[in-house]
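Trainee: I'd like to go through this one and check where each label comes from. Can we take it step by step?
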Amino acid sequence: KRCDMSKRSDGLLADMLGQRWLATHAPAAAATIVLASPSPTDGHTTIHLDHLSFSIKNMAAATHTVTTAIRDASIAGTVLWSMDHLVTNATSKEVTISNMHVEATKGKPLVITQDTVLASVKATVNIAGWSEQHQD
């Protein structure tokens, strides 16, 4: 079993270093953010999200609540993580989170959503992670 564990850990390290991905979404104001990780090409791959950063800018609206969520598999998928922000008029919020260790269901992507639906609210989201190739 020690040999099996060594092979698995070697494979995980190779995937963490070599199977990296990143994505960015910066739509116009009033657009809802929908940003997906890469979709696995088979049922033997797990998507891992390590880094999430986003900014929210409220240019003119009254105080507005914006929810950022990481969902499993689709825009309607199970919420795996979420955070609410109150953004007052003429302010912005910047958030950067590293070492998140959020993982999707094997064979499915992760989807980040953000409800910036007011005409004067704009957001940008960046995500990064890696793909784990299972040998089963």
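Trainee: What makes Arg20 count as buried, partly exposed or exposed?

Mentor: Keep in mind that this is a predicted model. Arg20 has a relative accessibility of 44%. Buried means under 20% and exposed means over 50%, so Arg20 falls in between and is called partly exposed.

Trainee: And how do you know which label Asp50 gets?

Mentor: Its relative accessibility is 14%. That is under the 20% cut-off, so Asp50 counts as buried.

Trainee: What makes the contact of Asp50 and Arg20 a salt bridge?

Mentor: The side chains meet at 3.4 Å, N to O. The cut-off is 4 Å between a side-chain nitrogen of Lys or Arg and a carboxyl oxygen of Asp or Glu, so the pair qualifies. Asp50 sits in strand E3 (residues 45-58) and Arg20 in strand E1 (residues 20-25), so the bridge links distant parts of the chain, 30 residues apart.

Trainee: Now the strands. What is the overall line-up of elements from the N terminus on?

Mentor: The order is α-β-β-β-β-β-β-β-β-β, that is, one helix and nine strands.

Trainee: Which strands form the open sheet, and in what order?

Mentor: Four of them, in the order E2-E8-E4-E5, with antiparallel pairing. Strand E2 (33-36) and strand E5 (79-87) are the edges, since each pairs on one side only. From one strand to the next the twist averages 10°.

Trainee: How do you know that E4 and E8 really count as paired?

Mentor: Count the bridges. Strand E4 (residues 64-72) and strand E8 (residues 110-114) have five, and pairing needs at least two, so the label holds. One example is Asp72, whose bridge partner in E8 is Leu110.

Trainee: What about E2 and E8?

Mentor: Those two strands share four bridges in the antiparallel sense, again meeting the requirement of at least two. Ile33, for instance, stands opposite Gln114 in E8.

Trainee: Which side chains of E2 point to the buried face?

Mentor: Ile33 and Leu35 point to one face and are buried.

Trainee: Over in E5, what makes His85 buried or exposed?

Mentor: His85, which is found in strand E5, has 13% relative accessibility; that is under 20%, so it counts as buried. Leaving out residues up to four places away in sequence, His85 touches Phe54, Ile56, His64, Thr65, Val66 and Val95.

Trainee: Zooming out, how much of the protein is buried?

Mentor: Buried residues make up 37% of the 136 residues. The protein exposes about 7500 Å², with carbon and sulfur atoms supplying 55% of it.

Trainee: And what share of the contacts with a separation of 6 or more comes from residues 24 or more positions apart?

Mentor: That share is 79%.

Conventions
Residues numbered from 1 in each chain as written. Predicted model: local features only at pLDDT ≥ 70, side-chain atom pairs only at ≥ 80, totals over all residues. Heavy atoms only, no water. Axes fitted to C-alpha atoms, helices over the stretch in contact; angles between N-to-C directions. Buried < 20%, exposed > 50% of the residue type's maximum accessible area, 1.4 Å probe, protein only. Contact = heavy atoms within 4.5 Å. Areas by Shrake-Rupley, 256 points an atom, 1.4 Å probe, with all protein chains shown as cover.
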